[in-house]
Amino acid sequence: MSTMQATGDGLGQHATARVVLISAAAALGGFLFGFDTAVINGAVDAIRGSFALDAAQIGFAVSCALLGSALGAWYAGMLANRFGRVRTMQVAAVLLVASAIGSGMATAVWDLILWRLVGGIGVGVASVIAPTYIAEVSPAHIRGRLGSMQQLAIVLGIFAALLSDAWLSGAAGGSSQPLWLGLAAWRWMFLVATVPALIYGVLVLGVPESPRHLVATGRIDEARVVLRKVLNMHSDAALESKLSDIAGSLQSEHKPRLSDLRGKAAGLLPVVWVGILLSVFQQFVGINVIFYYSSTLWHSVGFSEADSFTITVVTSIVNVLVTLVAIALVDKIGRKPLLVVGSAGMAITLGAMAWCFSQATGSGAELSLPGSVGMVALVAANAYVVFFGVSWGPVVWVLLGEMFPNHIRATALAVAAAAQWLANFAITSSFPALAERGLTFAYGLYAGFAVLSLLFVLSGVRETKGVELEDMRA
């Protein structure tokens with residue numbers, strides 16, 4: 001029997017083609033997440049030259065969108081609970097279109113920062129709503145694979161952004177050179193983001209509202225229709241049982257609020273702390289340094305601008321491929337084993353990168369890696385991406401979408417996602433300054449966080465494979 005026809009959990013749920021398609025439409029928000037955050041990779045040097053920025057200023061210009069993302073993630077849960085998941089996704093699409101146009105037409109660095117913040121808010125909203133929505137419409141037996149679509153969309157967005165950056169730069173003869181309509185190539189790198197943002201906005205118009213949100217707002221008949229269509233639940237008894245389970249777990253007699261997250265563990269429920277730490281460690285291992293600064297990094301150690309773009313695109317392809325592997329494995333071997341393997345692998349490969357850069361000669365623009373060390377660094381960097389892409393990349397988003405009890409899911413996910421964006425900002429904005437101090441120190445620091453992430457997973461993360469959302473506990 002095929003996956004599409006398999007009965008899920010004994011409750012009459014089926015993995016229909018419809019649930020896969022609407023999950024894919026929601027996950028397109030992840031594509032914009034990846035595209036919007038990574039597109040600046042190819043524009044870093046051009047922006048720095050155009051606006052005469054120092055290391056601290058370019059670090060903030062690159063990472064400022066992440067502050068907007070933290071803000072968007074923080075309020076996304078409240079918006080989703082009040083207006084619904086679908087309407088909130090539409091708001092994110094509008095913000096991303098506005099940001100793409102504004103960033104591409106920026107006349108000063110502060111103008112650019114403003115529009116990057118706007119786009120960041122849209123990304124933050126999408127980063128919370130997509131995994132929440134996908135988890136809420138998915139049968140338990142394939143929820144991990146459908147939840148992993150968010151990360152697949154993110155890495156495809158990163159790949160598309162880096163590929164378009166490389167193509168636009170090559171077409172213009174350099175990212176700071178004029179291309180069409182007299183605008184520099186780096187401006188078109190931002191402007192092309194309007195296309196996926198518009199597609200996302202159109203697609204989410206056709207997806208149904210989450211049945212759990214419909215039940216929480218008293219729209220039981222609509223929830224019944226969605227469950228029947230999306231999960232192909234034809235048994236009235238199973239359908240009513242599912243509605244009863246949702247209603248009981250939601251505790252819909254009160255509106256979700258931040259105070260629901262309070263607990264005895266340093267002021268928060270233990271499961272909320274686990275979500276926050278998962279988010280923080282996902283960023284503190286330094287993954288976005290690879291995707292935001294890799295072109296500049298490889299250029300700085302002796303590769304040409306064209307070769308640096310090529311290396312960056314190849315790395316993003318590796319990221320896409322291993323994410324597909326993760327999707328195939330997450331519901332078979334579980335979430336926790338993948339995280340353990342990923343943490344151990346990242347610690348080793350980051351340590352290797354730190355050693356490679358300890359062999360570098362020169363400094364600043366004259367930095368270079370001797371002999372075969374440059375190739376070792378390339379292999380280690382891509383192996384690091386492999387270990388991240390098969391574990392912490394997709395698995396964290398799967399866990400954040402499913403690990404919280406129903407009545408706090410959207411709010412807790414918003415808090416965890418906001419923590420993730422703030423951690424991303426801390427790592428991304430600090431990297432230029434850390435790089436000036438020494439890449440050995442930077443990658444050694446990230447390797448240390450990878451070791452800590454391994455200890456955290458072993459001691460603090462629960463397995464959620466196959467567990468119904470209504471059975472998640474705090």
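Modeller: Let me begin with burial: a residue is buried under 20% relative accessible area, exposed over 50%, and partly exposed in between, with a 1.4 Å probe and protein chains only. This is a predicted model, in which local features need pLDDT of at least 70, side-chain atom pairs count only at pLDDT 80 or more, and totals for chains, interfaces and linings use all residues. Residues are numbered from 1 along each chain as its sequence is written, and side-chain values use heavy atoms, with hydrogens and water left out.

Colleague: Fine. What does the secondary structure of the chain come to?

Modeller: The chain has 19 helices and zero strands. Helices (H or I, at least four residues) and strands (E, at least two) are DSSP runs, numbered from the N terminus.

Colleague: And what percentage of the residues is buried?

Modeller: Of the 474 residues in the chain, 59% are buried. The accessible surface of the chain is about 17300 Å², and 67% of that belongs to carbon and sulfur atoms; these areas come from the Shrake-Rupley method with a 1.4 Å probe, and for residues only the protein chains shown count as cover.

Colleague: Which residues have the most contacts inside the largest nonpolar core?

Modeller: They are Ile47, Leu278, Trp392 and Tyr443, in a core of 143 residues. Helix H18 (residues 409-437) provides the largest share of this core, 13 residues. A nonpolar core here is a set of buried Ala, Val, Leu, Ile, Met, Phe, Trp, Tyr and Cys residues joined through side-chain atoms within 4.5 Å.

Colleague: What does isoleucine 47 touch?

Modeller: Leaving aside residues up to four places away in sequence, isoleucine 47 touches Ile40, Ala52, Leu53, Ile58, Leu112, Trp186 and Phe190. Contact means heavy atoms within 4.5 Å.

Colleague: On to the rings, then. How many aromatic pairs does the structure hold?

Modeller: There are 11 aromatic pairs. Tryptophan 186 and phenylalanine 190 are edge-to-face, because their ring centres are 6.1 Å apart and their planes stand at 90°. By definition, rings of Phe, Tyr and Trp (its six-membered ring) pair if their centres lie within 6.5 Å, and planes under 30 degrees apart count as stacked, over 60 as edge-to-face and the rest as tilted.

Colleague: Why are tryptophan 186 and phenylalanine 190 separated by about one helical turn?

Modeller: Because they are four residues apart in helix H7 (residues 185-191). Tryptophan 186 is buried, since its relative accessible area is 2%, and phenylalanine 190 is buried at 3%. Tyrosine 443 and tyrosine 446 also form an edge-to-face pair, 5.9 Å centre to centre with 85° between the planes.

Colleague: Where do those two tyrosines sit?

Modeller: Tyrosine 443 and tyrosine 446 lie three residues apart in helix H19 (residues 439-460), so about one helical turn separates them. Both tyrosine 443 and tyrosine 446 are buried. Ring pairs also link Phe357, Phe431, Tyr443 and Tyr446 into a cluster.

Colleague: Now charges. How many salt bridges does the structure hold?

Modeller: It holds four salt bridges, each a side-chain nitrogen of Lys or Arg within 4 Å of a carboxyl oxygen of Asp or Glu. One of them joins the side chains of aspartate 331 and arginine 335 at 2.9 Å, N to O. Arginine 335 also forms a salt bridge with glutamate 402, with the closest N and O atoms 2.9 Å apart. Through shared partners, Asp331, Arg335 and Glu402 are joined into one network.

Colleague: Buried or exposed, that arginine 335?

Modeller: Arginine 335 is buried, with a relative accessible area of 0%. Aspartate 331 counts as buried at 14%, and glutamate 402 counts as buried at 1%.

Colleague: What about the salt bridge of glutamate 222 and arginine 219?

Modeller: Their side chains meet at 3.1 Å, N to O. Glutamate 222 is partly exposed at 39% relative accessibility, and arginine 219 is partly exposed at 34%.

Colleague: Last topic: where is methionine 105 found?

Modeller: Methionine 105 is in the loop between helix H4 (85-104) and helix H5 (109-137). Its relative accessible area is 44%, so methionine 105 is partly exposed. Not counting residues up to four places away in sequence, methionine 105 touches Asp111, Leu183, Arg187 and Leu191.
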